[in-house]
Amino acid sequence: MQIRIQIASILVGLVLLGVIFQLIRRNRLQEKYALLWIASVVIVLVLSVWRGLLESFAACVGIFYAPSALFLVALFCGMIIALHFSVVVSDLTKQNKTLVQEIALMKEELHRRAGDRARRKPVDRKRRR
Amino acid sequence: MKGKSVRVLAVVPAFNESSAIGGVVAELLRVRPAVDVVVVDDGSTDGTSHAAEAAGARVLRLPINLGIGGAVQTGFRFAARLGYDAVVQVDGDGQHVPSEIPALLEAMSKSGADVVIGSRFLDVRGYTTSPVRRIGTRVFALVNSLVLGRRITDNTSGFRAYNAGAVRFLSDNYPQDYPEPESVILLGRNGFSIREIPVRMRGREHGHSSISAVRSVYYMVKVLLAIFIDLFKERIVRQEQ
């Protein structure tokens, strides 16, 4: 029974790792965002392959069924990645807000300067067209 | 500040207020001593910018709706860059009374406070509110007393005057979620002095308050949570210019 779970989790881990590398190669995933993913998959893979480590970890935290410990580790990795994304999204929101504000300020200045020019040199503006 | 003419900017955040904004701007331009008026159009779709411009205001158009916090902050950035001595924040829906602005500014120059809030509750004149909101107001006042050690009766009021130092500070650090109550805490905790004076306010002429009576309690809980989270934030180191 245990061996099947082991094979399944190793396979899933390898496929995920392959997908991640493919995404990096095609420039769809930046390295700084891939790092957490790679680290998570490697941790899960190591624990899948090395049963002794998984079993002693499970015993250490008091989990009787060792594969459950694997799920727990995978879950924590997922949570850390999700948290990381929340931080990234917060940064992006802040940057986006600043950009929107700067655009509004620049548009107003442009608008005002165009108005000033039009008032001062109406002839000049016609000629340029 | 006295003697020299003080340059004051009225910052008016507006989101889909095309029916009210023209009147607000016109009224602001009649205020003496005169103030400059900038309307921050928070991505309106109803021609708010045109109405504001036609009435004689300068208009900052946000290409994307940022919410009241982001809109007001744009006005602060504008004021900080153009070197205004003071900013008065006035809502675009017509509930604030522009003729009260000189009183706000006078209170600021007389008391030397960095921020003067126009309060509906210091002295009740022509403003009625629902019982739920009155309780909410009490709770906020209590929280402010506990956190800042001073009583602010109306920290959801968006009718305020800020001096240049406060404007510079807020142009970099304005809260986004519930800016009025959160900025009171932020300013107080960062060493800005806050005063309140009683002002008249009008009921809304157009549209509904963004906070309906039913949602008041929910709003209050969310604001308290936001303030609670704010208390864990590090104090911001002010850069002296």
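What share of the contacts in chain B with a separation of 6 or more is accounted for by residues 24 or more positions apart? In this predicted model, the share is 76%.

Figure 1. Chain B contains 8 helices and 7 strands, and of its 241 residues 46% count as buried. Among the contacts in chain B with a separation of 6 or more, 76% are accounted for by residues 24 or more positions apart.

**Figure 2. The side of chain B that touches chain A.** Here 13 residues of chain B are in contact with 8 residues of chain A. Two elements of chain B, the strand β3 (58–61) and the helix α3 (68–82), each supply at least two residues of this side, and the largest share, 5 residues, comes from α3(B). Sorted by class, the side of chain B that touches chain A has 7 nonpolar, 3 polar and 3 charged residues.

**Figure 3. Packing of helix α2 against helix α4 in chain A.** Helix α2 (residues 31–49) and helix α4 (residues 66–120) of chain A pack at an angle of about 175°, and their axes are 10 Å apart. Because angles over 145 degrees count as roughly antiparallel, α2(A) is roughly antiparallel to α4(A). From α2(A), the contact is made by A:Leu36, A:Trp37, A:Ser40, A:Ile43, A:Val44, A:Leu47 and A:Ser48, while α4(A) contributes A:Leu70, A:Val73, A:Ala74, A:Cys77, A:Ile80, A:Ile81 and A:His84. By class, this contact of α2(A) with α4(A) has 11 nonpolar and 3 polar residues, and no charged residues.

**Figure 4. Helix α1 of chain A and the residues that follow it.** Leaving aside its neighbours within four places in sequence, A:Leu23 is in contact with A:Arg28 and A:Leu29. A:Leu23 and A:Ala34 are 11 residues apart in sequence, and their C-alpha atoms are 9.0 Å apart in space. Just after α1(A) comes A:Asn27, which takes a positive phi of about 65° although it is not a glycine. A:Asn27 has its place in the loop between α1 and α2 of chain A, and it is exposed, with 7 other C-beta atoms within 10 Å.

**Figure 5. Backbone geometry in two loops of chain B.** Most residues other than glycine have a negative phi, and most peptide bonds are trans. In the loop between β1 (8–14) and α1 of chain B lies B:Asn16, which has a positive phi of about 50° although it is not a glycine. With 20 C-beta neighbours inside 10 Å, B:Asn16 counts as buried, because the cut-off for a buried residue is 20 or more. The peptide bond from B:Arg32 to B:Pro33 is cis, with omega near -5°, and B:Pro33 has its place in the loop between α1 (18–29) and β2 (36–41) of chain B.

**Figure 6. The two sides of helix α8 in chain B.** At 1.5 Å a residue, the 17 residues of helix α8 (residues 216–232) of chain B should span 24 Å, and the end C-alpha atoms are 25 Å apart, which agrees. The buried residues in α8(B) include B:Ser216, B:Met220, B:Val223 and B:Ile227. Seen down the axis of α8(B), the buried residues fall within an arc of 65°, so they line one face of the helix. An α-helix has 3.6 residues a turn, so residues three or four places apart point the same way. The buried residues of α8(B) pack against α5 (131–148) and α7 (179–189) of chain B, whereas on the other side of α8(B) the residues B:Tyr218, B:Val221, B:Leu225, B:Phe228, B:Ile229 and B:Phe232 are exposed.

Figure 7. The buried residues are B:Pro179, B:Glu180, B:Pro181, B:Glu182, B:Ser183, B:Val184, B:Ile185, B:Leu186 and B:Leu187. What covers the buried residues of α7(B) includes the helices α3, α5, α6 (164–172) and α8 of chain B, together with the strands β5 (115–119) and β7 (194–198). Just after α7(B), B:Gly191 takes a positive phi of about 85°.

Note on methods. Residues are numbered from 1 along each chain as its sequence is written. Chains are lettered from A and ligands numbered from 1 in the order in which they are written. This is a predicted model: local features need pLDDT of at least 70, side-chain atom pairs count only at pLDDT 80 or more; totals for chains, interfaces and linings use all residues. Two residues are in contact if their C-beta atoms, placed from the backbone, lie within 7 Å. Helices (H or I, at least four residues) and strands (E, at least two) are DSSP runs, numbered from the N terminus. Ala, Val, Leu, Ile, Met, Phe, Trp, Tyr, Cys and Pro count as nonpolar, Asp, Glu, Lys and Arg as charged, and the others, Gly among them, as polar. Axes are lines fitted to C-alpha atoms, for helices over the stretch in contact, and angles run from 0 to 180 degrees between N-to-C directions. Angles under 35 degrees count as roughly parallel, over 145 as roughly antiparallel, 65 to 115 as roughly perpendicular and the rest as oblique. The expected span of a helix is 1.5 Å times one less than its number of residues. A residue is buried if 20 or more other C-beta atoms lie within 10 Å of its own, exposed if 12 or fewer, and partly exposed in between; C-beta atoms are placed from the backbone. The arc is that of the directions from the helix axis to the C-beta atoms.
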